[in-house]
Amino acid sequence: MTPAAGEPPPALGRLVATVERLREEVRAAHAAADGRALIELAKGVLIGRLHCTPAAAARQLDELCRQSGLSPLELAADIVNQAARDHVGDVAAEFLERIGAPGSLPADPGAEVRLRTAESGALAAAGDTQAVARSLLTHALTPLGAVAVAVWTAAPDGSLGLAGHAGFAPGEAARWRHVPPGVRTVARLALHERALVTLAGPDEGGPPSIGRLQWPSGGRIAVPAGTGGRVHGVLEVCWPQPLAPQPPPVERQIETLAELCAHTMDAGPAAGAGPAQGPSADVRELIDLAEGLHDPAVVLTPVLDPAGRLDDFRIRHVSGDFVDPAGRPRGDVGGSLLLEAYPMAAGDSGLFDAIEHVHATGEPFRAQRMHLTALVDQVPLTSVADISISRHGVALLLIWRVEDETARLAGLLQHAQRLGRIGGFEENLTSGEITWNAQLFDLHGLPPAADPVPVRDLPRRAHPDDSAALGRFLRALLHYRRPASVDFRLRRPDGITRHIRVVAEPVLDADRRLYAVRGAYQDISAQHWTEVALAATRDQLAHTAAESAEHSRLALQLQHAIMPPTPPVVEAPGLRVAVRYRPAASESLVGGDWYDTVVLPSGLVLLSVGDIAGHGIGAATAMVVLRNALRGLAVTGAGPAQLLSWLNTVTHHLTDRVTATAVCGLFDPRTRILRWARAGHLPPVLLRGDGVRAFPLIEGLLLGALPEAEYAEREVQLARGDTLLMYTDGLVERRDSSVQDSLGHLMRTASGRAADLDALLDRLLTDSRSDTDDDTCLIGVRVS
């Protein structure tokens, strides 16, 4: 009979049937062998417990089967579960419980038999991953609906190799023998995430994998296979149809099977946990390699917990060039656990995670400028290092090159010097140590061996007209602790004046206290003269703006003509008088603050300070009137109270609705007695020894408020070495504080013996907390 079209010849059909029958017989033989291995394992448990012979154990097993009504395999699985009490038994126990929620996993009393049989087959075929894959599919995965299984081994270079498979067509398995690095597959996804990955069904954008041609609509699960924290490969299970979300017991069963696969792939020795164990050959070789490197290196070995999971890493060796970020010697680090020596490695830097990933996958890790944090006396200290981690057998080599911050800063400063005549500096305010680069000595006109100039001394080396701007710069930087910049004219020792810009920032410690300043100087002389030329051109094009600017300039010149910002020191009989004047921040706020020190014909010394209300040319003009009027009235020999009474009349009748405050004092050098009166002004402050006190407030109406006013007068006995401070409200006034609070801050700042009167006044101006940017007058009187 002729066979129909498309049908094989009868002889070929019989041959195909024979091959299929033989395959079934081989599969059945393997399954029976796996079952016999489980039964033999149960007999071994009975021999150990009953202390009997193998024959007696076999008879006991048969008797237990007869009494319980269980099959030999079921009874053997039960005996092994009770004896082992391991992870396999825990997973099998979940299948024996019913969860009452709808859709939950039903009880499966045969799960423990399948798992134990698969385990026995894996143990019997240890080293033969192909036989292990076949045993897992036959006994544990086919009952779950799976049709194929693949066991992948992971190489350190990122490639995957098909170590074992079952259920796939021979041609399909041959095509997937090797997966090069970088190819994104389902197995690589699980390896990268180091967690179970489920693909419910086909996805055009999803990763390819083995068996996709055989089951185009099938789902699959891939889970890493590892032991002791190391991932040796991936177990991938395939289903022929789309895969619904699996209950947790099923996922845990597959994870357990992956662990069985990992034991067949783990050919390396177990990692010891104790420091007393001698290093293995590969660890010794790695120690020799670390000592031959120029970079600091650490040799690590994994530490496992009793359950065989990765717990930490032991520092087995540190190289001779090792640099500890916390400054500890290498002997204090070697032999300890990684997280004990560097607990911050488990933090945001990700160092411990990187080491764990290299240990698990064997993939080398490289990172530049990783931030490493170490605890120094419980204070976090962060350093920057280049990191390299690689696995060699059971050990890891960690190389870190801590970045030399000093060298990096020097390189940056050299670039700054080369690009724009910029010099960097850093000043430690606690120790007084100042670091300059060579360019700064050139800018200041100093020899390289000279002492650097502290930032507080810049006003003394600047043009007098720039002292106010420098004062605001120092206050912002040192007291408000915020970055600041200023342009000023630097007067060099060689007589050359350069236009300089300083940009600086405060450096705070962990407690937010200021301990240093750092920044840069730049020579902007060429830029300055260019800006002057451009300003002249703009002035010609904007005549109205020029007239307004000229008006402000004339007012400021008038004020400076009467009271220069830094007047010369006044030497009076029995006194040394120093004065500081700080104009308003804005030229449009030119005010009427004044001070005066005059030796009268009677030998008395007139000391006065006052403040005209308002700003502008009117206030400056009224200031000149009152200051000169008080000088003329003082020649009469009248006391301070009478002088203020007359000055009140002048203010009320001879000026255009002006009000003012003032303090007037007459000092007798022979008796050292100071008579004083006040007209609405803040009282003077007396420094005697290490103590500071303000004069008590006495009655005194501000000038110009009423046509006639009377003023009280007091006497104060001064002593040799006393220092008297008279000032205007621009020194202490704040928008967010009362006058008394600001006056208290002034007295605290002035406390402590000051040998240099000029230094005391400069410090008071710099440390002033005033935020109104008003004019400020400050007189310091030292009794001699």
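**Exercise 1. Determine which residues Leu644 is in contact with, leaving aside its neighbours within four places in sequence.**

Solution. Contact requires heavy atoms within 4.5 Å. Once the neighbours within four places in sequence are set aside, the partners of Leu644 are Ala662, Cys664, Ala677, Arg678, Ala679, Leu703 and Tyr711. The model is a predicted one, in which local features need pLDDT of at least 70 and side-chain atom pairs count only at pLDDT 80 or more, while totals for chains, interfaces and linings use all residues. Residues are numbered from 1 along each chain as its sequence is written, and side-chain values use heavy atoms, with hydrogens and water left out.

**Exercise 2. Describe the largest nonpolar core and state which elements give two or more residues to this core.**

Solution. Step one is the definition: a nonpolar core is a set of buried Ala, Val, Leu, Ile, Met, Phe, Trp, Tyr and Cys residues joined through side-chain atoms within 4.5 Å. Buried means under 20% relative accessible area, exposed means over 50%, and partly exposed lies in between (1.4 Å probe, protein chains only).

Step two is the membership. The largest nonpolar core has 29 residues, and those with the most contacts inside it are Leu606, Ile612, Leu626, Leu644, Leu647, Leu703 and Tyr711. Two or more residues each come from E19, E20, helix H19 (617–634), helix H20 (640–654), E21 and strand E22 (673–679). Here helices (H or I, at least four residues) and strands (E, at least two) are DSSP runs, numbered from the N terminus. H19 gives the most to this core, namely eight residues. A second, separate core has 27 residues, including Ala462, Ile500, Val502 and Val517.

Step three is the general background. In soluble globular proteins, nonpolar side chains tend to be buried together.

**Exercise 3. State how strand E20 (residues 605–615) is covered, and which strands pair with E20.**

Solution. Strand E20 is mostly covered, since eight of its 11 residues are buried. For the pairing, two strands pair if DSSP finds at least two bridges between them.

- On one side of the account, strand E19 (residues 591–599) is joined to E20 by nine bridges, and the two run antiparallel. Val599 has Val605 of E20 as its bridge partner.
- E19 and E20 form a hairpin with five residues between them, and Gly603 in the turn has a positive phi of about 95 degrees.
- E20 also pairs with strand E21 (residues 660–668) in the antiparallel sense, over eight bridges. Ile612 stands opposite Ala660 in E21.

**Exercise 4. Find which residues other than glycine, among them Arg194 and Arg481, have a positive phi, and state where they lie.**

Solution. Arg194 lies in the loop between helix H8 (186–193) and strand E4 (197–199). Its relative accessibility is 30%, so Arg194 counts as partly exposed.

Arg481 likewise has a positive phi, of about 55 degrees. The place of Arg481 is the loop between helix H16 (467–479) and strand E14 (484–491). With a relative accessible area of 38%, Arg481 is partly exposed.

**Exercise 5. State how many aromatic pairs the structure holds, and classify the pairs Trp436 with Phe441 and Trp676 with Phe695.**

Solution. Rings of Phe, Tyr and Trp (its six-membered ring) pair if their centres lie within 6.5 Å; planes under 30 degrees apart count as stacked, over 60 as edge-to-face and the rest as tilted. The structure holds seven aromatic pairs.

1. Trp436 and Phe441 form an edge-to-face pair, at 5.1 Å centre to centre and 65 degrees between the planes. Trp436 counts as buried because its relative accessibility is 11%, and Phe441 counts as buried because its relative accessibility is 11%.
2. Trp676 and Phe695 form a tilted pair, at 5.3 Å centre to centre and 45 degrees between the planes. This pair links distant parts of the chain, 19 residues apart: Trp676 is in strand E22, and Phe695 is in the loop between strand E24 (691–694) and strand E25 (714–717). Trp676 is buried at 2% relative accessibility, and Phe695 is buried with a relative accessible area of 2%.
3. Phe425, Trp436, Phe441 and Tyr521 form one aromatic cluster.
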